[in-house]
Amino acid sequence: MGGMNLVTGATGLLGSHIVEQLRKRGLPVRALVRRGSDTTWLKTQGVEFAEGDITDPASLAAACAGVNVVYHSAAKVGDWGPWEEFQRITIDGTRNILEAAITAGVRRFMHVSSISAYGYYTHDITVDETFDLGYKLYKWAYYSKSKVAAERLAWEAHRAKRIEVTVIRPAWIYGERDRTTIARLYRMVRNGQAKILGRGDNRLNVVYAGNIAEAAIAAAARPDCNGEAFNCSNDGEITQQQYFDLLARAIGAPPVKRHAPYQAAYFVGFMLECLGHLFRWRKPPFVTRYAVWLMGRRSYFSAEKARRVLGWQPTVTYEVGVPATVRWYLAQRGD
């Protein structure tokens, strides 16, 4: 398949790995970047730049011109902030880039959703792509609610036969160029503050960004993946305890031995969110229900469909990816 590949959110964690994997395959990339954003790493990749913003429809026509596939990974990340921001960036932004792609005659729209769009299953259950979106989303689940709404916009465009659509639903993403979770986890493990939620034998849905990028690129190239969704939700089996053991080893810190009850942590998250919303905290609380759910839930999101249909096997295992992420974090901190 010839033609340009446009990546939104290219300065972010997953977007940067999509760029990296496309370039490794010798494919041309155009990165949609906002004025003033840090493009230092992107400049090493030999990409074309389109200055623009998904919240500014007028800036998107030029970005989409001559494009074959749009990889749409830009969104408001994190589970904190006013709803208006999630509406403007994640929902309206998706509508804007979809319309621009349709107008420009783009072939495939690769939409990056999230497993949290399924909703917050907590009990022992395996969730696959046949499940509906939006189960038990509480009032302030702004991130997940906005991801549900954005994904529905993509499916509407597909059903109306306006553009080919493939959806990937990543889980908790990690890897080099992660600016959201590694710093916090590093501090907690290093300072002995980290706790295992519950018994620690629950399987985590954590996935290396480069592996997700490979699944997205494989699916975008295939005609039979038009109209399909894929959970890119794990790199194999890893429990919460095993993950923290790997992290502690990579950091050179003692293993995490302290535990906290899941329900108690969830309640603390809820109370802190109440206070945060009441007093309009700009920064997220130390604990949120979403963070507790990510770590401690018993439910599991299956990636079997991606393995079966795309032959998706993680190129980077946890044993390689976790230490590599820690090394990257320390190098860019200058330690």
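Reader: Which residues touch the most other members in the largest nonpolar core?

Author: In this predicted model, the largest nonpolar core has 88 residues, and Tyr-71, Val-189, Tyr-243, Phe-244 and Leu-247 touch the most other members. A nonpolar core here is a set of buried Ala, Val, Leu, Ile, Met, Phe, Trp, Tyr and Cys residues joined through side-chain atoms within 4.5 Å, where buried means under 20% relative accessible area, exposed over 50%, and partly exposed in between (1.4 Å probe, protein chains only).

Reader: And which helix gives the most to this core?

Author: Helix 7, residues 209-220, gives the most, with eight residues; helices (H or I, at least four residues) and strands (E, at least two) are DSSP runs, numbered from the N terminus. Apart from this core lies another one of 28 residues, including Val-67, Phe-109, Leu-153 and Val-167.

Reader: Before we go on, what should I keep in mind about numbering and cut-offs?

Author: Residues are numbered from 1 along each chain as its sequence is written, and side-chain values use heavy atoms, with hydrogens and water left out. As the model is predicted, local features need pLDDT of at least 70 and side-chain atom pairs count only at pLDDT 80 or more, whereas totals for chains, interfaces and linings use all residues.

Reader: Back to Phe-244, what is it in contact with?

Author: Leaving aside neighbours within four places in sequence, Phe-244 is in contact with Leu-185, Val-189, Ala-194, Lys-195, Ile-196, Val-256 and Met-295, contact meaning heavy atoms within 4.5 Å.

Reader: How do helix 6 and helix 8 cross?

Author: The axes of helix 6 (residues 182-190) and helix 8 (residues 240-251) come within 10 Å and cross at roughly 80°. Axes are lines fitted to C-alpha atoms, for helices over the stretch in contact, with angles running from 0 to 180 degrees between N-to-C directions.

Reader: What does its side chain make a polar contact with?

Author: The side chain of Asn-202 makes a polar contact with the side chain of Gln-240 at 2.9 Å, and a polar atom of the Asn-202 side chain also lies 2.8 Å from the backbone oxygen of Met-295. A polar contact is a pair of N or O atoms within 3.5 Å; within protein, one must be able to donate a hydrogen and the other to accept it, and residues adjacent in sequence count only if both atoms are side-chain atoms.

Reader: Where is Arg-280, and is it buried or exposed?

Author: Arg-280 is found in the loop between helix 9 (262-278) and helix 10, and Arg-280 counts as exposed at 73% relative accessibility. Although not a glycine, Arg-280 has a positive phi of about 55°.
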